[in-house]
Amino acid sequence: MKYLQIALNVPANQTFTYANVEAGKRVAQEEKEQNELIPLKRARKVDSFEAQVGSRAEVMFGNKKMTGIITAIFDELPQDLSFDPKKIRKILRVLDEKPMLSKELLDLGRWISNFYLCPIGEALRAMIPDAKRGGDAGGFSSVDADSFEGKNQLSEEQSKAVDAIAGAAVKAKESGGQDACLYHYLYGATGSGKTEVFLSAAEKILERGQGVLYLVPEIGLTPQVVSAVTRRFGNTAAIIHSHLSPAQKLGEWKRIINKEARVVIGARSAVFAPIPDLGLIIIDEEHDSSYKSGNAPRYHARQVAMRRASKLKIPLVMGSATPSVEAWKAIEEKQFICHRLTKRLSGGKMPIIAAIDLSKEKMNGAISVPLEEEIRQTLKEKRQAILFLNRRGFNHVFRCNACGFEVKCKNCSVPMTYHKAKNRLICHYCSYSVDPFRVCPQCGSVDIGYSGFGTEFIESEVASKFPNARALRLDTDAVEKKGELEEKIAAFKKGEYDILLGTQMIAKGLNFPSLKLVGVILADTSLHLPDFRAAEKTFSLITQVAGRAGRFFPDGKVLVQTYSPTNPAVYCACHSRSKEFYDEELSARRLLNFPPYSRLLRLVFRSMVQSDAEAFAADAYKILSKELEALQAKHLSNSKETEILGPSECPLAKINSNYRSQILLRGPSVALLQKIAASLVYGYRAKDGVYIEVDVDPVSLL
Ligand code: ADP
Ligand code: ZN
Ligand code: ZN
């Protein structure tokens, strides 16, 4: 117990050797000795716990105090030590009485480090809350905890699915895994009762004494699932949401480690919840892109959950009305067992969906005449309508009609959006804002104008076209305070508003009993993005938002405004032809050799200095090509089919004053792509101020 190997979140893929200190020891003096920067009066008596693998330890690294994770403990230093043993420093103290990371999670961290090509310390830090001491998350009021909800009698389809999922858990536990397929997919339209299946399966697992992990896309956007979980499981549930402070999150982590909470519901990072004796993982809305982390380590919660489930030999069940294209392929190839839910169970029917071809309509604003009439009819019947547009702000593009000048952000290569309420032009990527122009900044012409429209624009159009309707706008500009979204959604549900308009914030997981009409203002917003998932995103968004209608009454109606009614994504979504969409999309991906028919690894090189980013990308290309050629010369399998695309400017060439170039590795084997990229990531020192972002299996190429 003399030496500790410690992983620190520093940009080096290694762990560091420290000497242990005795548990309970006064460490203040040591701290003082090691760091002259800490004045004596601040030195204090601090408890140190016994060192255990997986616990956090406080250490000095250089002259910085850092918290790391103990990854190994040993009595003797290895013979082939590459540094002077006298240089080994003592740790300051061990922070945890019980390890934060079990062996299972430490192994998972190593896998993340290898798979996503990030230093081990960075991987482990991403897995635990960033606080020293735990706080109280508040929990639930006793009323909430006591009011367990009366359960629905499961339909036949539902009970079959529950039995299969819970049965797989029993079998896996008894046989220690076996070859049984552990991946299940619950595929059913919106409102077909998937949540009910998840809750019932979870309940069976809990009854057996095992824990459950329940992942949802964004906790703020799924208040109804969260409240269903708390009503059903009360205080045995831990809710990991983004409003928790790091200390509160750590407090919840401890409740989980101590087995006080046995079902954990949360967004992406909850995939690391330290649930002892985990028995089931649920991923709701599997297709959702928020499961992929935008920062290093750029992990995908679905991929991590699959790894956890397969190592623990426990079932994983995913569900969606619009599976991701890769999940669809896995279902077709029987890698996932698919359970179908085909009916709406609370009195609803799938709504009638119709497309409105905007190129054939005389437009006065953004709401066409047929949509306007349908809204009027809905209001007359004292029912509710949702208007959906995936774009914030008032206008989209500022343009000079004399010289064609468009206002772009000075930090980012994207147009700025006019926000009327704030009377500013705002960049949606970096929040930079300027006053609106009166004359063209380039040629001085006063013949300037705005085009395109966002949710604020729709809000004012609704106000002028339906002056008596009570309208509510929901988007990230309209919701600023904690709890505001939940309050507003509840008010709409209660009938305090007639029209709800907003961005994708209103597209997911919401049930509104008296909703009749859903209007999609423009289905094409994501259709023409230079990204191979543009069609998939468009199809899924239209289908999801359309699914809000007709959940409780059979007369739901959806009108989809579009300039591309014959585009397969739009056409199939409007005609509920899912299989046709996936077939078409899969054959397009096959033709273009995009995932799921190939794997991708994306490298982005960024710098404030454009020529530095470009030069680094060019150098990187040479290193990667050399590595690939060497592998090809050895005839390594799949190496011939592997290619290096680029370097090129990213579609978003500049974000936050950083110029961005990219290289894309593509091939049949992700292991090979990782091997090639590792030669660069761990073997090359970039010029100061140039950064490399590694994205394995990217979901977006913008
Ligand atoms: P999904 O998750 O597929 O969108 P939900 O689970 O939210 O669907 O269910 C939609 C509605 O159907 C909810 O109001 C739910 O209470 C109701 N429901 C689910 N299962 C049943 C059932 N077996 N009997 C009656 N109503 C049900
Ligand atoms: Zn001009
Ligand atoms: Zn910007």
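1. **Before you start.** This is a predicted model, in which local features need pLDDT of at least 70 and side-chain atom pairs count only at pLDDT 80 or more, while totals for chains, interfaces and linings use all residues. Residues are numbered from 1 along each chain as its sequence is written, chains are lettered from A and ligands numbered from 1 in the order in which they are written, and side-chain values use heavy atoms, with hydrogens and water left out.

2. **Around ligand 1.** Helices (H or I, at least four residues) and strands (E, at least two) are DSSP runs, numbered from the N terminus.

3. **Polar contacts of ligand 1.** These are pairs of N or O atoms within 3.5 Å; within protein, one must be able to donate a hydrogen and the other to accept it, and residues adjacent in sequence count only if both atoms are side-chain atoms. A polar side-chain atom of Thr195 is 2.7 Å from an oxygen atom of ligand 1. The side chain of Gln158 has an N or O atom 2.8 Å from a nitrogen atom of the ligand. From Gly193, a polar backbone atom lies 3.1 Å from a ligand oxygen atom. On its own, ligand 1 has 560 Å² of accessible area, and the protein covers 79% of this (Shrake-Rupley method, 1.4 Å probe; for residues, only the protein chains shown count as cover).

4. **A five-strand sheet.** Next, look at the open sheet with the order S2-S1-S4-S3-S5 and antiparallel pairing. Its edge strands, each pairing on one side only, are S2 (16-19) and S5 (93-94). Two strands pair if DSSP finds at least two bridges between them. S1 (residues 3-7) and S2 are joined in the antiparallel sense over four bridges, and Leu4 has Tyr18 in S2 as its bridge partner.

5. **The second largest pocket.** On a 1 Å grid over the protein atoms alone, a cavity is a set of points where a 1.4 Å probe fits but cannot get out, and a pocket is an open set with protein on both sides within 12 Å along at least five of seven lines; lining residues have an atom within 4 Å of a point. The second largest pocket holds about 870 Å³ of space. Among its 28 lining residues, Pro11, Val681, Val690, Tyr691 and Ile692 lie nearest its centre. Strand S27 gives the most to the lining, with five residues. The lining has 18 nonpolar, three polar and seven charged residues.

6. **Two cavities.** The count comes to two cavities of 30 Å³ or more. The largest has about 50 Å³ of space, and its lining includes Phe388, Asn390 and Leu541. That lining has six nonpolar, four polar and no charged residues. The second largest cavity, about 30 Å³, is lined by Gln610, Glu614, Glu649, Ala653, Tyr659, Arg660 and Ser661.

Notes:
Points joined across faces, edges and corners; volume = space filled by probe spheres on them. Nonpolar A, V, L, I, M, F, W, Y, C, P; charged D, E, K, R; others polar.
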